[in-house]
Amino acid sequence: MSESAPKRQKLDPDSGSSILNKDAGAVKGFNASSDVDNAADFKTSETSIPILPRDVKVLLLDIEGCTTAISFVKDVLFPFALSNLNSFMKDLSVTDLEGILNSLKEDVSKLDKDHPARQEIESDEKTAAASDGSTDDKQYKELISIYMNAMVKADVKATGLKGVQGKIWKSGYASGDLKGHIYDDFKPMLDWMKKQSVSVNIYSSGSIGAQKLLFGKSDEGDLCSYFNSHFDTTSGGKKEAASYKKIAADLKVDPKDICFVSDAEAELVAAREAGIGFPVMSVRPGNAPLTDVGKEFPIIFSLLQICGTGS
């Protein structure tokens with residue numbers, strides 16, 4: 001007859017022996033949570049992805065390349081505004097046209113003298129201006145078209161331009177010709193933040209009106225009720241630290257208590273300079289490739305990565 005197999009016996013990690021008496025306690029270490037303190041593993045660094053609401057309860061989001069594909073903005077929204085510009089201007093009064101042109105001129109005046117949009121406009125408007133210096137209805141429309149096309153071509157982000165685009169997009173959303181694109185993870189993220197009482201806010205170069213149109217007429221329906229506040233370039237340029245300080249003041253929170261997610265390196269650098277506690281880099285298909293600067297920040301591929309309690 002073969003010998004019976006030996007009974008399994010517990011190991012004693014402290015005795016130096018391979019055998020543990022049957023009354024000994026749980027083994028320390030692997031899978032022994034009651035005896036292990038891993039609090040150190042939860043310490044964060046500058047490149048650690050924050051999770052909300054554990055780290056902060058105020059979220060500030062960019063749109064392009066973050067909540068919405070850049071291709072939707074560049075390949076759908078921008079061309080739509082330009083192709084419908086003439087019909088938009090058709091019934092505007094000379095006073096309205098003059099106001100639009102002045103706002104676009106103000107945008108361009110803030111660009112560097114060697115900026116491609118400014119150089120193109122200065123060249124083209126010379127041929128459009130009346131020889132006697134007067135400007136009629138037709139000339140206003142021609143100049144507005146010159147300004148709009150040159151600024152969109154150079155990807156200028158300015159208040160006057162965004163205001164005109166927003167008005168044109170409004171008619172497109174109203175007719176159903178436009179439907180706001182959002183990534184599949186956006187709505188679940190919003191649901192999580194709402195459940196956790198996290199304040200969600202939008203900061204985009206697009207006008208506040210355009211923001212509300214995109215999210216109000218989105219692929220997932222009207223999402224506007226999820227947002228606490230909207231900010232655009234009237235709060236300052238997105239590459240300027242002062243803008244983020246102003247937004248924090250408007251939200252009545254310390255900048256360190258804000259998580260800001262964007263796909264633009266210069267924006268995250270400005271936010272960090274302003275004292276924003278958690279600047280986060282959004283990487284989506286079609287976004288600009290990261291440089292070493294962008295890699296200094298926590299990187300996420302989905303907005304769901306910032307959702308969590310940490311417990």
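Reader: Is Tyr244 buried or exposed, and at what relative accessibility?

Author: At 1% relative accessibility, Tyr244 counts as buried, where buried means under 20% relative accessible area, exposed over 50% and partly exposed in between, with a 1.4 Å probe and protein chains only. This is a predicted model, in which local features need pLDDT of at least 70 and side-chain atom pairs count only at pLDDT 80 or more, while totals for chains, interfaces and linings use all residues. Residues are numbered from 1 along each chain as its sequence is written, and side-chain values use heavy atoms, with hydrogens and water left out.

Reader: Okay, and which residues of helix H9 are buried?

Author: In H9, which spans residues 241–251, the buried residues are Ala241, Ser243, Tyr244, Ile247, Ala248 and Leu251; helices (H or I, at least four residues) and strands (E, at least two) are DSSP runs, numbered from the N terminus. Seen down the axis of H9, these buried residues fall within an arc of 160°, so they line one face of the helix, the arc being that of the directions from the helix axis to the C-beta atoms. On the other side of H9, Ala242 and Ala249 are exposed.

Reader: What do the buried residues of H9 pack against?

Author: They pack against strands S2 (58–61), S3 (199–203), S4 (229–231) and S5 (259–262), and also against helix H10 (265–273), with contact meaning heavy atoms within 4.5 Å.

Reader: Switching to rings, how many aromatic pairs are there in the whole structure?

Author: A search of the whole structure finds six aromatic pairs, and rings of Phe, Tyr and Trp (its six-membered ring) pair if their centres lie within 6.5 Å, with planes under 30 degrees apart counting as stacked, over 60 as edge-to-face and the rest as tilted. One of them is the stacked pair of Phe186 and Phe227, at 6.3 Å centre to centre and with 25° between the planes.

Reader: Where do Phe186 and Phe227 lie?

Author: Phe186 lies in helix H7 (residues 186–195) and Phe227 in the loop between helix H8 (208–216) and S4, so the pair ties together parts that are 41 residues apart in sequence. Both Phe186 and Phe227 are buried.

Reader: And what about Tyr244 and Phe260?

Author: Tyr244 and Phe260 form a tilted aromatic pair, 5.1 Å centre to centre with 55° between the planes. Tyr244 lies in helix H9 and Phe260 in strand S5, so this pair ties together parts that are 16 residues apart in sequence. Phe260 is buried, with a relative accessible area of 0%.
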